[in-house]
Amino acid sequence: MIKAVPKPLEEVLDLVKDFTKVLIVGCDGCVTVCEAGGSKEAKVLASALRLYFTQAGKQAQIDETSLTRQCEKEYLAQLSDKMDAYDAVVSLACGCGVQYMAEMYNNKIIYPGVDTCFLGVNEERGLYAERCQACGRCILAETGGVCPIARCSKRMLNGPCGGSDQGKCEISKDVPCGWELIYERLKTLGQLDRFEKPVDPKDWTTSRDGGPRTIVREDLRI
Amino acid sequence: MRLQYPPSVRIIEVPCTGKVDIMHLLMAFEYGADGVIVMGCLEGDCHYGAGNLYAKKRGNRVKEILDKVGVGGERLAMYNLTSGMGGRFAEIIREITEKVMELGPSPIRVATGKAVRPIAEVTT
C-alpha cells in the first residue's frame, strides 16, 4: 500500500493561516492504514486548526470529512455540494488523491496534508518499510520474491556489490543488503544456480524513465 | 481519608488510560479546559498490559500539537499512581491547579471572551 506521513503541523498551519473556511478531507484508503490521513487524522488536524485559529482570535470555520478513496471520481464527487462553502481544502490523501481532487475542483485551492513516501508494508504498527518501486515490469520471479529494485540501495540487477557487509548495506547498519536477502531466499528455495547466469539489463521504459505512465485495459473499459 | 483538593477539577472516569484518545484530549481544550491531567496506573502495572504507556505516547503527541497551535503543551500532564495513593492524588491536583493558575486561563477561553481571570482559588 501507499505509505505516507502527516505533514508537520506548522507547515499546514502556514498554508491555511490566511483562510477562514477550511475543509480537511481524509482518505479511507491506504493513508488510513498507515494512520497518516484517514478520518481520525482528519479530526485531529481539524481540531488542531480550530485551536490555532481560536487562540489567535480569528473566526474560522474548520470542518472535516473523509472519503472512501480520493483516487476515484465517484468518491470525489461526493464533495461537489460542499466545496463552494470553503476557501481552501487540505487533502490528507496521497499525492494521487490531492492531484485528482485538484483536477476535479479546478478553481479550488487544494493543499496536501501528508507527505507521500513509498509503496510498502506494515512491519509493525507505526513501522512501515518500502517493498516496491512500481517499475512496471516485475522481476520477483527471478529474485526469490525479494525485489532488488526496491531493496537494494543501488537497484543492482546483479548483486551484491562490494558495499555488502555482514548482510547489511553500506548506507546503514540498519538496512539489510537486498542481495543478501535474495541469496538467502534462493538458497532456501534451492535455486542458487540463478546466480550463475547474469541478468540482462532491465527495460526501464515501463518505469518513470518513459515519462508519466498510463494503463489502458481495453477488456475493462466501458 | 477526607483529603482536600481544589474543586476546580472535573473527573472523567475511563476503564483504562488506554481508552484516552488524542481527540478526547484535544476536545477538552477546544471546549475550554485550562489544563488536563491524565492519571494512569503505574508503568508496568497496567491491568490490560500497556494502556498507560499508550496514553503516555498519545499525551506526548497532544503536547506537541498544543505547543504548535499556541495553547501550550504544559497545560497537559500525565501522572501514574495507584488507587491506594489518595494522598498523592490530592497533592497532584493541588500542584497542577497552582501551575494552571500561574499559566492563567486557556488562550481558547480568553480568545472567546469566556475568561479574563483565573478560574479558581487554590485551596490547599
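Helices here are DSSP runs of H or I with at least four residues, strands are runs of E with at least two, and both are numbered from the N terminus. With that settled, the place to start in this predicted model is Gln166(A), which sits in the loop between α6 and β8 of chain A. Its phi is positive, about 55 degrees, even though Gln166(A) is not a glycine. At 76% relative accessibility, Gln166(A) counts as exposed. The loop between α6 and β8 (168–169) also holds Pro160(A), and the peptide bond joining Gly159(A) to Pro160(A) is cis, with omega at about 0 degrees.

The loop between β7 and α6 of chain A is worth a look too, as Ala134(A) is found there. Ala134(A) is not a glycine either, yet has a positive phi of about 50 degrees. Ala134(A) comes out as partly exposed, at 31% relative accessibility. Thr143(A) belongs to that loop as well, between β7 (127–132) and α6 (148–151), but with a relative accessible area of 2% it is buried. Setting aside residues up to four places away in sequence, Thr143(A) touches Pro148(A), Trp179(A), Ile182(A), Leu186(A) and Arg194(A). As for Arg194(A), it is 51 residues from Thr143(A) along the chain, while their C-alpha atoms are separated by 8.1 Å.

On to the interface. In all, 17 residues of chain B are in contact with 14 residues of chain A. About 1400 Å² is buried between the two chains, and carbon and sulfur atoms give 70% of that area. On the chain B side, Glu30(B), Lys68(B) and Val69(B) lose the most area to chain A, together 39% of what that side buries.

Helix α3 (residues 39–55) of chain A packs against helix α1 (residues 22–30) of chain B at an angle of about 20 degrees, the axes being 10 Å apart. Angles under 35 degrees count as roughly parallel, so α3(A) is roughly parallel to α1(B). The crossing of these two helices is left-handed. From α3(A), the residues involved are Lys40(A), Lys43(A), Val44(A), Ser47(A), Arg50(A) and Leu51(A), and they meet Ile22(B), Met23(B), Leu26(B), Phe29(B) and Glu30(B) in α1(B). Sorted by class, this contact has six nonpolar, one polar and four charged residues.

Asp21(B) counts as buried, at 19% relative accessibility. Leaving aside neighbours within four places in sequence, Asp21(B) is in contact with Lys40(A) and Arg58(B).

Methods. Residues numbered from 1 in each chain as written. Chains lettered and ligands numbered in written order. Predicted model: local features only at pLDDT ≥ 70, side-chain atom pairs only at ≥ 80, totals over all residues. Heavy atoms only, no water. Axes fitted to C-alpha atoms, helices over the stretch in contact; angles between N-to-C directions. Parallel < 35°, antiparallel > 145°, perpendicular 65-115°, else oblique. Left-handed = near helix turned anticlockwise from the far one by under 90°. Contact = heavy atoms within 4.5 Å. Nonpolar A, V, L, I, M, F, W, Y, C, P; charged D, E, K, R; others polar. Buried < 20%, exposed > 50% of the residue type's maximum accessible area, 1.4 Å probe, protein only. Buried area = accessible area lost by both parts, 1.4 Å probe.
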